[in-house]
Amino acid sequence: MGIYSERILPRLIDRTCGMAANERLRKRVCAGLHGRVLEIGFGSGRNVPFYPAAVTRVGAVEPADLGWRMAAARIADSSVPVERAGLDGQALPFEDNSFDSALSTWTLCTIPDIALALQEVRRVLVPGGQLHFVEHGLAPDAQVRTWQHRLDPIQGVIAGGCHLDRDIRGLLEEAGFEITEVDRFYDSPAPRFLAAMSLGVAVSA
């Protein structure tokens, strides 16, 4: 990893995903989390204030050391124990059936082998465990999708491998999750090619 990935990109992601307008989405997606929670793409801990009281501990998967350092104050203020317990969502260092719930917020766009990562999440969830997600991805409108495909290579370079055009619902279903709740919408004022959101819950069979 270079200077951009290690020192600059985590700050850009924190600034972009940490906008106050996103707090309502974090509150929605965290509702219903319980027990032992796996959070992939923990970042700077922006979700920590929104963990419900039913959460007993969190295993945080975060590759960026700077992101983890930026999360220190939020972790210290939380009543929920949070442990950095993994660097790569594609190879989780946990036993099978280790978690009751999982959380992903604007993370599935970036993981290189997303199919493998989702298999890993399913492996460490108990049967019937829930994955709560809010992600940007493939838009429902053809004109917007055209621009997503065109701009995706540029987005990957400037945003650390982030993809604009991943089919979040399709990827979850291909990985064996059953989607029980999903809300698809454009989250303005961001441009539509960036703002096609999917927020919901998927259950591991």
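Author: A definition comes before the rest: helices (H or I, at least four residues) and strands (E, at least two) are DSSP runs, numbered from the N terminus. The model is predicted, so local features need pLDDT of at least 70 and side-chain atom pairs count only at pLDDT 80 or more, while totals for chains, interfaces and linings use all residues. Residues are numbered from 1 along each chain as its sequence is written, and side-chain values use heavy atoms, with hydrogens and water left out.

Reader: Is S101 buried or exposed?
Author: Buried means under 20% relative accessible area, exposed over 50%, and partly exposed in between (1.4 Å probe, protein chains only). S101 has 0% relative accessibility, so S101 counts as buried.

Reader: How far does the backbone oxygen of H34 lie from a polar atom of the side chain of S101?
Author: Contact means heavy atoms within 4.5 Å. Leaving aside neighbours within four places in sequence, S101 is in contact with L33, H34, R36, V37, L38, L125 and Q130. From the backbone oxygen of H34 to a polar atom of the S101 side chain, the distance is 3.0 Å.

Reader: Why are the buried residues of helix 2 on the same side?
Author: The buried residues in helix 2 are L25, R26, V29 and C30. They share a side of helix 2 because they cover an arc of only 125° around the axis. The arc is that of the directions from the helix axis to the C-beta atoms.

Reader: Which elements do the buried residues of helix 2 pack against?
Author: The partners include a helix and several strands. They are helix 1, strand 4 (99-105), strand 5 (125-136), strand 6 (177-186) and strand 7 (196-204).

Reader: How much space lies in the largest pocket?
Author: On a 1 Å grid over the protein atoms alone, a cavity is a set of points where a 1.4 Å probe fits but cannot get out, and a pocket is an open set with protein on both sides within 12 Å along at least five of seven lines; lining residues have an atom within 4 Å of a point. Grid points are joined across faces, edges and corners, and a volume is the space filled by probe spheres set on the points. For the largest pocket that gives about 1400 Å³.

Reader: Which element gives the most to the lining of the largest pocket?
Author: The lining has 50 residues, with I13, C17, W106, C109 and T110 nearest the centre of the pocket. Helix 1 (3-17), helix 2 (23-30), strand 1 (35-40) and helix 6 (142-158) each supply at least two residues. The most, eight residues, come from helix 1.

Reader: What volume has the largest cavity?
Author: One cavity of 30 Å³ or more is counted. The volume of the largest cavity is about 80 Å³.

Reader: Which element gives the most to the lining of the largest cavity?
Author: This lining has 13 residues, and G137, L138, I168, R184 and S198 lie nearest the centre of the cavity. Helix 7 (168-174), strand 6 and strand 7 give two or more residues each. The most, three residues, come from strand 7.

Reader: What is the relative accessible area of S198?
Author: S198 is found in strand 7. Its contacts, leaving aside neighbours within four places in sequence, are F133, V134, E135, V182, D183 and R184. S198 is buried, with a relative accessible area of 9%.

Technical notes: A polar contact is a pair of N or O atoms within 3.5 Å; within protein, one must be able to donate a hydrogen and the other to accept it, and residues adjacent in sequence count only if both atoms are side-chain atoms.
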